[in-house]
Every structure is written in C-alpha cells, then in structure tokens.
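Reader: Can you walk me through how the helices sit against one another in this one?

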Amino acid sequence: DEQEPRFGEHGEGPDVSFAFGDDLLLVDVSAVCPLADSYVEAEDSQPGALLSRAEKEKVATYGNFAQVRHMAFAPAVFNHMGVPGPQTLALLRKLSSATADPNGFMAHMLMACGVAISQGNAKMVCAALAQWWDHGVR
C-alpha cells in the first residue's frame, strides 16, 4: 500500500513552500545526472529530455498532494551542472516577478543553484574518496 507523501516530515513531501498573496506554492527540488542508469536511455532517444522527464515525475508524485490541499505545485529540477528544466525556469521567472529586480534575481538564482549543485557534487566525491582511502584503496 503506497502512502502519499507528507509535507513537513524529514525526507518526505515537497521541499519548499512559498506564499504569493493568497496563493500557496509547493516546490520539490532535484538535481539529476544524465549519466545515471535511469536516464541514459531517455537521453539517448531524445537529447535534452532528461530535465522534462524528471519534472514530469515530480508533478506525478506531488501534484495531487498539492491540489487536494488547494495549493499549486512546481518542480525545481536542475541537471548536474545547474541547468534548470523548462518548468523550473518558469518557476524562477514567477519568483523573480515578485522581486524589485527580476533580472538580477534570475541571474543570481541561476548562478547560486549551479554553485550549490557543484558544491554538493564535490562533497559527494570527497566523501567517496575518504571511504576508499579508509578501506585501503590507493
């Protein structure tokens, strides 16, 4: 019996919520790698499809969860280099429209997301190297 995701619990449900006046928006964030086994075939058959596919999977997972709570849902999916998917770009545009400097906000968010993903990738590599070193792999 598959349970619906629950908001606000560690590791379950959407990651972020935003309020725009009376509108509530839930967002779930992912960074995906086109070299992952689950995506290689999709990228081979249609280059660039990875981000759209991952966004659609997020909507399928969380769309109804948000809708029954009278909220909107938007995926925030980036590739391993920080490139946003099409729905993610639309989300960033919506968020930027609520700022005093929409262009500056977009530029900053695109850069900041790319840097954050790169830092996360570097931390994973360092952790893997540390484990290999601890197990005598030289």
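Here are a few questions and answers on helix packing.

Author: This is a predicted model, where local features need pLDDT of at least 70, side-chain atom pairs count only at pLDDT 80 or more, and totals for chains, interfaces and linings use all residues. Residues are numbered from 1 along each chain as its sequence is written, and side-chain values use heavy atoms, with hydrogens and water left out.

Reader: How are H3 and H4 oriented to each other?
Author: Helices here are DSSP runs (H or I, at least four residues), numbered from the N terminus. The axes, lines fitted to C-alpha atoms over the stretch in contact, with angles from 0 to 180 degrees between N-to-C directions, come within 9 Å and cross at roughly 135° for H3 (residues 86–97) and H4 (residues 102–134). Angles under 35 degrees count as roughly parallel, over 145 as roughly antiparallel, 65 to 115 as roughly perpendicular and the rest as oblique. H3 and H4 are therefore oblique.

Reader: And what is H2 relative to H3?
Author: The axes of H2 (residues 49–67) and H3 come within 7 Å and cross at roughly 70°. That makes the pair roughly perpendicular.

Reader: What distance separates the end C-alpha atoms of H4?
Author: The expected span is 1.5 Å times one less than the number of residues. H4 has 33 residues, so 48 Å should be spanned, and the end C-alpha atoms agree at 48 Å.

Reader: Which residues of H4 are buried?
Author: Buried means under 20% relative accessible area (1.4 Å probe, protein chains only). By that cut-off, the buried residues of H4 are Met106, Cys113, Gly114 and Ile117.

Key:
Helix = DSSP H or I, 4+ residues; strand = E, 2+ residues; numbered from the N terminus. Buried < 20%, exposed > 50% of the residue type's maximum accessible area, 1.4 Å probe, protein only.
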